[in-house]
Every structure is written in structure tokens, then in C-alpha cells.
Amino acid sequence: MSQTVLTGLEGRVQKSSPIRALGVGRFTLLLVLLAIIVVTAIGNPRFLSANNLFNILFQVSTLGIVAAGQTVLLVAGGLDLSVGAALSVAGLSTALTVVGTGSTLLGVLAGLAAGTAIGTLNGALVATNRATPFIVTLGTMTFLQGMAIVMCNGSPVNGVDTLFDIFSTGSAFGVPFPIYALLAAVATIYLVLRFTMLGRYAFAIGGNEEAARLSGIPVRRVKIGLYALSGLMVGVAGVILTGILDSGLPSMGNGYELRAIAAVVIGGTPLVGGRGTVIGTLGGVLLLGLVSNSMNLLGVGANYQSAVLGLIITAAVLLQKKR
């Protein structure tokens, strides 16, 4: 890769500081967060209680892990619509393995392997055929949704080992383990994007794939690696969600694909790629969690909540287009 391209990439990485990453436009996301906190705290004092704040983090933990993985794909100009269905398959693989073998360790490994394998397959299909990620992952999403139903005959897989309770009720220093998993996932993706060659290649491919190819970047291998990394994050989320639900469900990942992409976009990563940070994605995930929690505390109906979330996502995308 030429020195010029490397220099340009260094500039982008340097500009993506955590504080800048919190904004859509000029700190718009941060202002929205603060406005929601103030309004809800006035309407319901319980909102700012430690228990409620931990509850929000707990509720968005699996979504945040999936969105963290999705961030590297959008930075590279990619996309994965199958993450929700893949999460269901990973969770069912975990539950079926635990029930079948009685081993918690094998169950965890099965879930991680399933997520990583699905991500690698998506990456190979996208990179080898130069196909549009939207079309490829739309197809795999449909396939995986069917596979999830076939795996369990459409019924929940119960009887997961009690050791799995650690993923739902376990904690250290008063903080539930799913929150640690979320922070670890965000830290991992942050380090990958900021300090590794894989991350720099992702920015280069998202900025101009053809220029990256001419600069000597192994575009195909990088894409497969990025999709595999995203798949691993889906596997982690699948294992944790299985612990939280204490069972495997064919529909446990429904809706994750759109909410994960929404969180990444709200966090400032454009759909066309080339820039973005996982810290911004964490901000987007927290925004979605805060809005849902606020509306619950204020007694807003579920139908109105979906409408409000849709408006926020649309506003974030429109603000992003003006940058």
C-alpha cells in the first residue's frame, strides 16, 4: 500500500477520537441524549436511579455486541442483514449442544463457532462474487430463518444447564456479566479499527475499494476477515441471549438486523463506509435503549414507541446526509 494511502488512513483514524464519535453532525446525538435524560428525569425521578441505568445497559447488551460487529462492516462499505437470523442459529446451537451433551463449555463453543462460520460464509460470498452485500445477506437471512425453525422444529429448546444463569443473573462488583461482555466487545472492535492493519484496510476499502485494491490491499481476504469478526460478535450475543432467556428460540434474533444497523448509523457511521467508530455505535445503542426506557417509564404505548424510534432513526440519517 502506498505511503500516500497510508497517510490518508492515518488522518482518518486520528480524526475519529471518542468525543467526535459521539456526534451525528455537531454533537447532535449527544444533545439528543441529554434532552431525553432531562425530560425523562423530570417526568419520572426513578429514571436516574442506578438500578434503572444498569437495567438499560443490561437490556441493550446483546444489541450492542451485534452492532459493534456490524460497525466494521459498515466502515468497509459492507452490510449484513442476516445477523438477527444468525443470532437465532447461534443461540439454538448453544442450547441444543448444552442439552445434548450436558457441557456448558461445548455449548458456548458451538454458539461462537456457528456465528463465526456464518459470518465467514457471508464474507466469502460477498468477496468472491463481488455481489452486493444487501442481496447476499438478504438471501442468507432467509435461509438462516428457515434453518432456525428446522433446528428446533419451531419449538423452544429448554433445559439449558443452570451454569448458563451466569449470563443472566451473574455479576461482579454489582455489574451484570452481559454488561462486561458489551464493554469487552466495544473495546475489541475499537482496538481493531484503531490499531490494527485489518482496521486500516477496512477504512481504505470503505473509502474507495478500487483504490485500495490498486494499492495492494488484499480486499477479498480483508472482507472475509471482517465478516468473520462480525459473525464472532453475533455468536457471543447468541450465547449471552441464550443465558438471559434460559432457552433457545427460533425467533430470538428477530429485529436485531435493523436495530443494529440503525445504532451504527445513528452513531455516525455512514452507510457508504470510509469512516465511523464503535464508540459512536455505543452511543447509538444507548440512545435506542434510553428512548425505549424513557417511553416505558412515561407510559407510552408500544405502537407509539415504534413510531418514535422510526422518527429518531430517520432524523439521524437525514442529519448524517448533511455532514
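This is a short walk through one chain, from its overall make-up to a few of its helices and residues.

Before anything else, please keep in mind that what we are looking at is a predicted model. The chain holds 15 helices and two strands, and of its 323 residues, 50% count as buried. If we take the contacts in the chain with a separation of 6 or more, 78% of them are accounted for by residues 24 or more positions apart.

Next comes helix α5, residues 61-75, where 15 of its 15 residues are buried. At 1.5 Å a residue, the 15 residues of α5 should span 21 Å, and because its end C-alpha atoms are 21 Å apart, the model agrees with that expectation. After α5 comes Gly 77, which has a positive phi, near 80°.

Now to a pair of helices. Two packed helices are described by the angle between their axes and by the distance between those axes. For α9, residues 177-195, and α10, residues 197-207, the axes come within 5 Å and cross at roughly 70°. Angles of 65 to 115 degrees count as roughly perpendicular, so α9 is roughly perpendicular to α10. On the α9 side the contact is made by Val 192, Leu 193 and Phe 195, while α10 brings Met 197, Leu 198, Gly 199, Arg 200 and Phe 203. Sorted by class, this contact of α9 with α10 has six nonpolar, one polar and one charged residues.

Is Asn 122 buried or exposed? Its relative accessibility is 0%, and since buried means under 20%, Asn 122 counts as buried. As for what lies around it, and again leaving aside neighbours within four places in sequence, Asn 122 is in contact with Asp 80, Ser 82, Val 136, Thr 137, Thr 140 and Tyr 227.

Terms used
Residues are numbered from 1 along each chain as its sequence is written. This is a predicted model: local features need pLDDT of at least 70, side-chain atom pairs count only at pLDDT 80 or more; totals for chains, interfaces and linings use all residues. Side-chain values use heavy atoms; hydrogens and water are left out. Axes are lines fitted to C-alpha atoms, for helices over the stretch in contact, and angles run from 0 to 180 degrees between N-to-C directions. Helices (H or I, at least four residues) and strands (E, at least two) are DSSP runs, numbered from the N terminus. Angles under 35 degrees count as roughly parallel, over 145 as roughly antiparallel, 65 to 115 as roughly perpendicular and the rest as oblique. Contact means heavy atoms within 4.5 Å. Ala, Val, Leu, Ile, Met, Phe, Trp, Tyr, Cys and Pro count as nonpolar, Asp, Glu, Lys and Arg as charged, and the others, Gly among them, as polar. The expected span of a helix is 1.5 Å times one less than its number of residues. Buried means under 20% relative accessible area, exposed over 50%, partly exposed in between (1.4 Å probe, protein chains only).
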